[in-house]
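Subject: Structure handover

Hello,

Here is the structure you asked for. My notes follow below it.

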Amino acid sequence: QVQLEESGGGLVQTGGSLRLSCVASGGSINTYAMGWFRQAPGKEREFVAAVNWGRKLTAYQDSVKGRFTVSRDNAKNMVYLQMNALKPEDTAVYYCAAVTYYSGSYPPISGYAYDYWGQGTQVTVSS
């Protein structure tokens, strides 16, 4: 069973950048689609970004397009989320997730499609 662990969260000022990392253990994620989700206090979990297993197809929430970039290094069993031009509304706990089987070529954007989840890392953007 795959275990996921996020890192790289922290406190940053508006306009700053952070790079989140997610390392997988217990198995290779080469054939998995990988997603990033976030949950702010009092709000439901929401999709942020995802990348398919072949690294060629990505999906983003509209509010992060042009600011966030998802990538992966299958050789290192890792996934990244580069976050630039951060805003206070980006403040949330960010989760990494993995899914083995899904329909279509693009990675799923629904959290219900994902099989494995990390514990999350806190991102706080101060105004």
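What percentage of the 127 residues in the protein chain is buried? Buried residues make up 46% of them, where buried means under 20% relative accessible area, exposed over 50% and partly exposed in between, with a 1.4 Å probe and protein chains only.

Before the rest, two notes on the source. This is a predicted model, in which local features need pLDDT of at least 70, side-chain atom pairs count only at pLDDT 80 or more, and totals for chains, interfaces and linings use all residues. Residues are numbered from 1 along each chain as its sequence is written, and side-chain values use heavy atoms, with hydrogens and water left out.

Overall fold

The protein chain has eleven strands and zero helices; strands (E, at least two residues) and helices (H or I, at least four) are DSSP runs, numbered from the N terminus. Its radius of gyration is 13 Å, close to the 14 Å from the globule rule for 127 residues, so the chain is as compact as a globular protein of that length. That radius is taken over C-alpha atoms, and the globule rule is 2.2 Å times the number of residues to the power 0.38. The C-alpha trace spans about 40 × 25 × 25 Å along its principal axes. Of the contacts between residues at least 6 apart in sequence, 59% join residues at least 24 apart; contact means heavy atoms within 4.5 Å.

The disulfide

The structure holds one disulfide, defined as a pair of cysteine sulfur atoms within 2.5 Å. It joins Cys22 to Cys96, with 2.1 Å from S to S. Cys22 lies in strand β3 (residues 18-25) and Cys96 in strand β9 (residues 92-99), so the link ties together parts that are 74 residues apart in sequence. The angle about the S-S bond is -75 degrees, which is left-handed. Both cysteines, Cys22 and Cys96, are buried.

Glu6

Glu6 sits in strand β1 (residues 3-7). Why does Glu6 count as buried? Its relative accessibility is 8%. Beyond its neighbours within four places in sequence, Glu6 is in contact with residues including Cys22, Cys96, Trp36 and Tyr95. A polar atom of the Glu6 side chain lies 2.8 Å from the backbone nitrogen of Gly120, and one lies 3.1 Å from the backbone nitrogen of Gln119. Glu6 and Gln119 are 113 residues apart in sequence, yet 7.1 Å apart in space, C-alpha to C-alpha.

Regards

Methods
Polar contact = N/O pair within 3.5 Å; in protein donor to acceptor, adjacent residues only side chain to side chain.
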